Amino acid sequence: MGRQKIDYTLFYEVLREVVPTARYRQMKQYISHSDITVYQHCIKVAHKAYTLAFKLGVRCDLRALVRGALLHDYYLYDWHDPNKGFRWHGFKHHRFALQNASADFDLSEKEKNIIHSHMFPLTVWCLPKSREAWLVTLADKCIATEETLKKYKDKRAQESAE
């Protein structure tokens, strides 16, 4: 039995709705993990969550899944700068992302929960309430881990070359 090909048509349709907005493109200015921008990170998380939904056979609202994933880190600041007052970023940024996304997009309750709960279990008080929210939370952890490990892999490669 062959693998079923994933149809990414809806993924790219939602991407074309969200990404071209001016404030969304601002995320290209900020680094998420390693040398990956927040813009790249959010697109990777959305793609991973969408792929996981298909591979795991999870029936869900794919449009809400992609929108929530694209907006999960829509906080629009550089959390690496200690002089800007963004301490405890991991515990707080989901609120800033939800605030910004709510101002710029018409969000469903499900999309709001995806954004607000994506840092679970670090923010144990923000429980994912849907399959979509759980998938984005899982995808975010996978992608963040890959991005963080990339930094150390790149550093080891550079040290080996010297």
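First, cysteines. The structure holds zero disulfides, a disulfide being a pair of cysteine sulfur atoms within 2.5 Å. Cys-42 is buried, at 0% relative accessibility. Cys-60 is partly exposed, at 22%. Buried means under 20% relative accessible area, exposed over 50%, partly exposed in between, with a 1.4 Å probe and protein chains only.

A word on the source. This is a predicted model: local features need pLDDT of at least 70, side-chain atom pairs count only at pLDDT 80 or more, and totals for chains, interfaces and linings use all residues. Numbering runs from 1 along each chain as its sequence is written, and side-chain values use heavy atoms, with hydrogens and water left out.

Now the aromatics. Rings of Phe, Tyr and Trp (its six-membered ring) pair if their centres lie within 6.5 Å; planes under 30 degrees apart are stacked, over 60 edge-to-face, the rest tilted. That gives nine aromatic pairs. Take Tyr-74 and Phe-105: centres 5.9 Å apart, planes at 65°, so edge-to-face. Tyr-74 sits in the loop between helix H4 (62-71) and H5, Phe-105 in the loop between H5 and helix H6 (109-117), so the pair ties together parts 31 residues apart in sequence. Helices here are DSSP runs (H or I, at least four residues), numbered from the N terminus. Both Tyr-74 and Phe-105 are buried. Elsewhere, ring pairs link Tyr-8, Phe-11, Tyr-12, Tyr-50 and Phe-54 into a cluster.

Last, His-94. Helix H5 (residues 89-104) contains His-94. Is His-94 buried or exposed? Buried, at 0% relative accessibility.

Conventions. Helix = DSSP H or I, 4+ residues; strand = E, 2+ residues; numbered from the N terminus.
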